[in-house]
Amino acid sequence: MTDTLVAERIEANLSRLRLPRIRQILDQIIQSAEQKGQSYLGFLDDLLEEEVAQKEQRRIETALKISGLPFIKGIDEFDFTFQPKLDRQKVMSLFDLTFIRQKGNVLFLGPPGVGKTHLAVALALKACQAGLSIYFTTMPDLIIKLKKDHEAGRPGKGRSYYKSALVIVDEVGYTPINRDECNLFFQFVAKRYEKSSTVITSNKAFSDWAELLQDPIIVTAILDRLLHHSAVINIKGNSYRLKGKSMNAIQ
Ligand code: ADP
Ligand code: MG
């Protein structure tokens with residue numbers, strides 16, 4: 001068989017095996033292996049590493065696209081010096097993702113603009129990079145989805161917001177919900193309890209949740225489950241959105 005025929009067959013096989021990156025870089029890697037006098041093992045290793053790296057990159061890109069994250073920002077973009085009262089070590093310790101392995105929850109509390117969503121997004125990003133499934137939703141959106149599923153007689157089985165290893169529910173408490181909605185939220189929390197991790201952000205203290213979520217008894221049951229295995233991060237500080245602006249400028 002001539003070299004050209006062999007090359008053509010390799011190309012066809014790489015396509016059938018869905019190894020596009022190897023197809024792309026094969027010539028270049030062969031050339032550099034010949035120049036370096038590389039071992040067969042080293043050559044094969046280089047090829048496979050390239051393909052795996054590209055597949056991993058694609059997986060992360062796709063997962064992030066369908067996750068619903070409102071923006072992509074990592075913890076490296078979070079300026080801790082802007083929130084001097086925030087316990088940096090406590091926050092950073094979450095990023096080893098042990099809480100997800102332990103099916104625990106994280107609750108970020110604080111006024112608008114202090115970085116609650118940013119920190120939740122950064123955790124999701126880290127989890128996604130570690131190969132875990134993630135899903136981001138706001139409380140109003142979640143309630144809409146839960147209601148739809150409830151009305152359709154589907155309890156939400158198989159839905160990303162039930163089955164993802166990490167679900168973020170952003171902005172709990174911004175808008176009040178009624179009793180039925182509160183009940184659906186309770187069922188959501190109860191289903192995920194000790195099975196997978198949920199990150200909640202809220203601008204309201206727990207003491208105000210009863211009023212916002214209408215039903216004090218159910219709220220107690222919700223908090224009981226959410227807080228059982230949890231880290232609560234209370235952020236007391238200024239809004240990053242107003243950074244550099246004087247109070248006069250925003251009045
Ligand atoms: P919250 O959810 O608490 O209202 P966000 O997380 O949405 O606040 O933060 C508002 C904006 O400010 C976002 O663009 C976020 O990335 C940015 N931000 C907030 N805190 C910080 C910080 N400490 N360092 C860098 N960016 C920050
Ligand atoms: Mg927010």
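Let's start with the second largest pocket, which has a volume of about 280 Å³. A quick word on terms: on a 1 Å grid over the protein atoms alone, a pocket is an open set of points with protein on both sides within 12 Å along at least five of seven lines, a cavity is a set where a 1.4 Å probe fits but cannot get out, and lining residues have an atom within 4 Å of a point. Volume here is the space filled by probe spheres set on the points, with points joined across faces, edges and corners.

Housekeeping, too: this is a predicted model, where local features need pLDDT of at least 70 and side-chain atom pairs count only at 80 or more, while totals for chains, interfaces and linings use all residues. Residues are numbered from 1 along each chain as its sequence is written, chains are lettered from A and ligands numbered from 1 in the order written, and side-chain values use heavy atoms, leaving out hydrogens and water.

Back to that second pocket. α1 (3-16) and α2 (20-36) each give at least two lining residues, and α1 gives the most, with six. Among the lining residues are Val 6, Ile 10, Arg 23 and Ile 30.

Now, what is the volume of the largest pocket? About 480 Å³. Of its 21 lining residues, the closest to the centre are Phe 71, Gly 113, Gly 115, His 118 and Arg 241. α6 (116-129) is the top contributor, with three residues.

Look at the backbone here. A backbone N or O of Asp 79 is 2.8 Å from a ligand nitrogen, and one from Gly 113 is 2.7 Å from a ligand oxygen. Val 114 has a backbone N or O 3.2 Å from a ligand oxygen. The protein covers 90% of the 550 Å² of accessible area that ligand 1 has on its own (Shrake-Rupley, 1.4 Å probe).

Definitions and conventions
Polar contact = N/O pair within 3.5 Å; in protein donor to acceptor, adjacent residues only side chain to side chain. Helix = DSSP H or I, 4+ residues; strand = E, 2+ residues; numbered from the N terminus.
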